[in-house]
Amino acid sequence: MKKWRFLYLALCCFFLLPTLGMAAPVQRVVSFQSQVMEEDGQTFLRCEIGLSQAPADYSVKEGGVLRPKRLLIDFPNTDLGDFPREYPLGDTYARRAAFYEAGDHARVDVAMVAPAEEANYRVSTLPPDKQNKLPWRLVIDIYNEEEQGASAQIDGVRGHTIVIDPGHGGSDTGAVGVDGLREKDVTLLVAQRVQELLRSSGANVVMTREDDRDVYGPNATDAQELQARVDVGEAAAKAEVFLSIHCNAFAKPAANGTETFYYPKTWQDMALAQALQDGMIDHGGRRNRGIKEARFYVLHNSSLPAALVELAFITNPTEKNLLANESFQQEMALGICEGLANYFAALR
Ligand SMILES: [Zn+2]
């Protein structure tokens, strides 16, 4: 064997390393590429960071309170090869990725569109792909639920007109959850997602309120306030459905699940409630409490087929967290829209 070469290398290391004051990089970042992909109906941006060897240890840091949309990945004992240091990423899922070296590690700094938190990205590794001449890669998949919502299409609601009533608002907070989550805020957020989904699918939507307010005015009686909401539906041209969105509440925190109320003043009311309930259970996955008859003001006084959905219990710790979670809000909105589509299909 070539002992001399080995000795030469050993000497080099012996003399060079102490002068550099650090270990020589053992790994190199060699490339970067990104593309939008789709899996199971969900689209996302896949970023692949090419590496000279199997990624040994890397650390993922979220930007936290100060930089909520930044994702930082550090590679220890790594330097950067000859490739561009900055990449624009199209602004749908992420804005840009930037590479730099700091001491003995390399870092990639990704500016995401959604907050850099667990639900919005996934890090994994891919082995070399000889056929396509790809090296070892660290993969960052970046999601943006807002975008999913905006692009989702619901078949079967086009041309229909739906009145959406986000429960409570303004001076009336509705029920308040364990750590202060307010029903009126959740109902508006979910209603806005339903509105967006329906409008982007070609339906007409009339909202009883679009922001945090009383519909009649502050200090109204319950009947005045609720009648004001019914009136929005009665005045809306060609409206077919009145849908009121609420969160449930109960003294015992264990109470949980999804339910829908209706008042059988027309033959469609019960069918509407059942379709909405089925859609919410399919998408939200909470316990099915079924549909129930109730003489609630808006259900009884609206001339339109009407239903009042109780998404989940704001007084239950698990469901309170879900109600505050954007993915769950979106799933419930999708479930409601699918329920509406199924209801319209059944009427044909
Ligand atoms: Zn309520």
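Biologist: Which residues of α3 meet which residues of α8?

Modeller: Two residues are in contact if their C-beta atoms, placed from the backbone, lie within 7 Å, and helices are DSSP runs (H or I, at least four residues) numbered from the N terminus. In this predicted model, local features need pLDDT of at least 70, side-chain atom pairs count only at pLDDT 80 or more, and totals for chains, interfaces and linings use all residues. Residues are numbered from 1 along each chain as its sequence is written. On the α3 side the contact involves Leu189, Val190, Arg193, Val194, Leu197 and Leu198, and these meet Gln329, Gln330, Met332, Ala333, Leu334, Ile336 and Cys337 of α8.

Biologist: How many residues of this contact are nonpolar, polar and charged?

Modeller: With Ala, Val, Leu, Ile, Met, Phe, Trp, Tyr, Cys and Pro counted as nonpolar, Asp, Glu, Lys and Arg as charged, and the others, Gly among them, as polar, the contact of α3 with α8 divides into 10 nonpolar, two polar and one charged.

Biologist: At what angle do α3 and α8 pack?

Modeller: Axes are lines fitted to C-alpha atoms, for helices over the stretch in contact, and angles run from 0 to 180 degrees between N-to-C directions. Helix α3 (residues 183-200) packs against helix α8 (residues 326-347) at about 50°, with the axes 9 Å apart.

Biologist: What are the overall dimensions of the protein chain?

Modeller: Its C-alpha atoms fill a box of roughly 95 × 40 × 30 Å, taken along the principal axes, and the chain has eight helices and 16 strands (E, at least two residues).
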